[in-house]
Amino acid sequence: MSSSLRPLIAGNWKMNGLKRESAEELKSLIHKASEQNSVGCDILICPPATLVASMAELANGSPVSIGGQDCHANEKGAHTGDTSAQMLKDAGADYVLVGHSERRTDHNESNEDVKAKAEAALKAGLIAVVCVGETLQERESGQTLSVISGQVSRSLPAGGTAENLVIAYEPVWAIGTGKTPTVEDVADVHAHIRNDLQALLKDADGVRLLYGGSVKGSNAAELMNVAHVNGALVGGASLKAEDFWPIVETSL
């Protein structure tokens with residue numbers, strides 16, 4: 001890794017996983033991590049909400065943490081189908097993703113929505129992983145850095161610190177496509193985010209910045225060695241322990 005910050009390697013399972021096979025994959029991951037004399041990074045799996053409680057129970061006392069993929073901004077109420085940050089915490093989660101591009105796009109979530117969710121996460125005692133990223137059209141029109149700055153400044157929760165906040169940069173056009181930006185592109189954006197954070201947080205240098213977007217075992221080492229990259233947010237390659245572990249190994 002390119003930083004003294006403890007890396008975070010996170011897996012976002014999205015809408016994938018049933019109880020039995022997911023438990024087996026988690027057990028395999030825990031076994032691989034437990035075989036190490038010491039684990040030099042934090043490992044996180046964010047399964048569907050239906051699996052958070054059972055997976056948190058399996059992962060209890062292990063090197064693997066469990067997180068949610070989203071939360072509602074309110075603690076409770078008439079919000080059919082939603083899950084509050086308090087519910088995730090009660091189920092055993094330690095983290096929650098907010099503002100993933102699929103939420104921003106599929107559910108029309110604004111930066112203000114993301115900020116409210118992140119603040120709910122902090123209030124519940126969860127670590128908020130705030131996702132930002134540009135579309136292909138925004139990149140091709142030269143708007144990448146301005147779009148990222150707007151998302152960072154308007155999505156960060158009040159009360160965010162290096163202890164309860166993580167930023168994940170995922171270029172929308174690279175998610176699940178097999179395409180990745182160049183290491184120079186990643187370095188530029190991560191340096192830009194770090195610079196933006198300096199004006200927003202007192203302990204900006206301690207906030208971990210993750211890269212996400214078609215991360216896999218074959219490219220993880222190169223990406224994790226980019227300046228200001230402090231870990232990864234992994235999609236499809238996190239579903240199987242045998243695919244996810246090589247990515248984790250780059251940060252051990």
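**Figure 1. Cys131 counts as buried, at 2% relative accessibility.** Buried means under 20% relative accessible area, exposed over 50% and partly exposed in between, with a 1.4 Å probe and protein chains only. Cys46 is likewise buried, its relative accessible area being 0%. The structure holds 0 disulfides. Cys46 is in no disulfide, and its nearest cysteine sulfur, that of Cys131, lies 8.9 Å away. Cys131 is in no disulfide either, the sulfur of Cys46 being its nearest at 8.9 Å. A disulfide is counted here when a pair of cysteine sulfur atoms is within 2.5 Å. This is a predicted model, in which local features need pLDDT of at least 70, side-chain atom pairs count only at pLDDT 80 or more, and totals for chains, interfaces and linings use all residues. Residues are numbered from 1 along each chain as its sequence is written, and side-chain values use heavy atoms, with hydrogens and water left out.

**Figure 2. The protein chain contains 10 helices and 8 strands.** Helices (H or I, at least four residues) and strands (E, at least two) are DSSP runs, numbered from the N terminus. The radius of gyration is 17 Å, close to the 18 Å of the globule rule for 252 residues, so the chain is as compact as a globular protein of that length. That radius is taken over C-alpha atoms, and the rule is 2.2 Å times the number of residues to the power 0.38. Along its principal axes the C-alpha trace spans about 45 × 45 × 35 Å. Of the 252 residues, 50% count as buried. Among contacts (heavy atoms within 4.5 Å) between residues at least 6 apart in sequence, 73% join residues at least 24 apart.

**Figure 3. Leu145 is located in helix H7, residues 144-155.** Leu145 counts as partly exposed, with 36% relative accessibility. Leaving aside residues up to four places away in sequence, Leu145 touches Asp188, Val189 and His192.

**Figure 4. Ala174 sits in the loop between strand E6 (165-169) and helix H8 (183-198).** Ala174 counts as buried, at 0% relative accessibility. With residues up to four places away in sequence not counted, Ala174 touches Lys179, Thr180, Pro181, Tyr211, Gly213 and Ser214. Met87 is 87 residues from Ala174 along the chain, and their C-alpha atoms are separated by 31 Å.

**Figure 5. Asn108 has a phi near 55 degrees, a positive value in a residue other than glycine.** Asn108 belongs to the loop between helix H4 (101-106) and helix H5 (111-123). At 64% relative accessibility, Asn108 counts as exposed.

**Figure 6. His228 has a phi near 70 degrees, again positive in a residue other than glycine.** The loop that holds His228 runs between helix H9 (217-224) and strand E8 (231-234). His228 is partly exposed, with a relative accessible area of 32%.
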